Amino acid sequence: MEHIQTDGSSPTKLWRLLTALLQREKRTANANTLTCNVADDFLHFFDEKVKAIRASTEGQQLPTSTTPLADMSLSSLSPCSEDEVCRLIMQSPTNSCALDPIPTFLVKEMVDVLLPYVTAMINTSLREGRLPSSHKHAVVTPLLKKPGLDAEELKNYRPDFNLTFVAKLVERVVSSRLVSYLTTHGQMPQLQSAYRRHHSTETALLKVLSDVYATIDRQQVTLLGLLDLSAAFDCVDHDIVLRRLRLKFGICGTALEWIASVLLGRSQLVYYKGRLSVKLQLLFGVPQGLS
């Protein structure tokens, strides 16, 4: 208690003291040395978690949509230029996937030589409305959700997905075209803060606080309801997504075929402690490897 009172005025010293008292560094070090779990265990756990969540809603009737059908359409994805691809390559994180033939830093260093070939690959994918199967495979690394959690409990881990660099690159190209299309036609949700440029957790909190303060000014009661969806991205139903894209947003033709190609026929394996699990075909979920 004396140390807390002494160091209380310094957030840095106080945090170090609490870390030492709670033995967080020791528990984290132990987590890094435990080897009881193996890659196949993680693969089975992540798969069973998704199946259990989907089974809990199996047989439920789909909600009836009152949204009018789209009066606009996007049937094809415009090709990209070498300048656009070069900019995306140089702006990408220098992270590599075990499936990449060469490290990302070499792609950046040799961008002038590789640029025509990478651009041609991306434009062929957009034109034909499909993503090659070699780029629909993910390597998953289990990561502890928070330092200090019991490393022997599989439920304390979250999957970290890693896709090939080219797969992430072409997805960024398609994302820019879809966002531009939806923004032009006013289809982006006004209050969506996640996965949007110039939007973040901060803008979402500012909106909530603004509404709370406005309610207080009117002397009204404020109730806040929070919903946390477990494995939300991993449980996405492909048929529902494709149907909504076609009916609500007017995405069709090779544009819809490309998205369907990205969703269908995916697979993953788990890499843990230097070992790889068996390969698993994915029937649900959307790729999460754009970081």
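Me: Histidine 198, buried or exposed?
Reply: Quick ground rules: the model is predicted, so to speak of local features takes pLDDT of at least 70, side-chain atom pairs count only at pLDDT 80 or more, and totals for chains, interfaces and linings use all residues. Numbering starts from 1 along each chain as its sequence is written, and side-chain values use heavy atoms, with hydrogens and water left out. The relative accessible area of histidine 198 is 72%, and the scale runs from buried (under 20%) through partly exposed (in between) to exposed (over 50%), with a 1.4 Å probe and protein chains only. So histidine 198 is exposed.

Me: Where does histidine 198 lie?
Reply: Helices here are DSSP runs of H or I with at least four residues, strands are E runs of at least two, and both are numbered from the N terminus. Histidine 198 has a positive phi of about 70 degrees, although it is not a glycine. Its place is the loop between helix 8 and helix 9.

Me: What is the phi of alanine 231?
Reply: Most residues other than glycine have a negative phi. Alanine 231, in the loop between helix 9 and helix 10 (238–247), counts as buried because its relative accessibility is 18%. Although it is not a glycine, its phi is positive, at about 50 degrees.

Me: How far apart in space are histidine 185 and serine 73?
Reply: Histidine 185 sits in the loop between helix 8 (165–184) and helix 9 (201–217), and is partly exposed with a relative accessible area of 37%. In sequence, histidine 185 and serine 73 are 112 residues apart. C-alpha to C-alpha, the distance in space is 9.8 Å.

Me: And what is the distance in space between valine 38 and leucine 276?
Reply: Valine 38 is in the loop between helix 3 (24–33) and helix 4, where 37% relative accessibility makes it partly exposed. Along the sequence, valine 38 and leucine 276 are 238 residues apart. From C-alpha to C-alpha in space, they are separated by 8.8 Å.

Me: What share of the contacts with a separation of 6 or more comes from residues 24 or more positions apart?
Reply: A contact is a case of heavy atoms within 4.5 Å. The protein has 11 helices and 5 strands, and buried residues make up 32% of its 291 residues. Of the contacts with a separation of 6 or more, residues 24 or more positions apart account for 71%.

Me: Which residues is glutamate 84 in contact with, leaving aside neighbours within four places in sequence?
Reply: Glutamate 84 belongs to helix 5 (residues 82–91). It counts as buried because its relative accessibility is 15%. Leaving aside those neighbours, its contacts are Val173, Ser176 and Arg177.

Me: What is the relative accessible area of glutamine 268?
Reply: Glutamine 268 lies in strand 3 (residues 266–272). Beyond its neighbours within four places in sequence, its contacts include Leu43, His137, Phe161 and Lys279. Glutamine 268 is buried because its relative accessible area is 6%.

Me: Which element gives the most to the lining of the second largest pocket?
Reply: On a 1 Å grid over the protein atoms alone, a pocket is an open set of points where a 1.4 Å probe fits, with protein on both sides within 12 Å along at least five of seven lines, and lining residues have an atom within 4 Å of a point. The second largest pocket holds about 840 Å³, a volume being the space filled by probe spheres set on points joined across faces, edges and corners. Of its 33 lining residues, the closest to the centre are Pro159, Phe161, Ala231, Asp234 and Gln288. With 6 residues, the element that gives the most is helix 4.

Me: Are the rings of phenylalanine 42 and tyrosine 157 stacked or edge-to-face?
Reply: Rings of Phe, Tyr and Trp (its six-membered ring) pair if their centres lie within 6.5 Å, with planes under 30 degrees apart called stacked, over 60 edge-to-face and the rest tilted; the count comes to 6 aromatic pairs. Phenylalanine 42 in helix 4 and tyrosine 157 in strand 2 are 115 residues apart. Phenylalanine 42 is buried, with a relative accessible area of 0%, and tyrosine 157 is buried too, at 4%. Their ring centres are 4.8 Å apart and the planes at 75 degrees, so the pair is edge-to-face.

Me: Over the ring of which residue does the charged end of arginine 54 sit?
Reply: A charge sits over a ring if NZ of Lys or CZ of Arg is within 6 Å of the ring centre and within 35 degrees of the ring normal. The charged end of arginine 54 is 3.6 Å from the ring centre. The ring belongs to phenylalanine 284.
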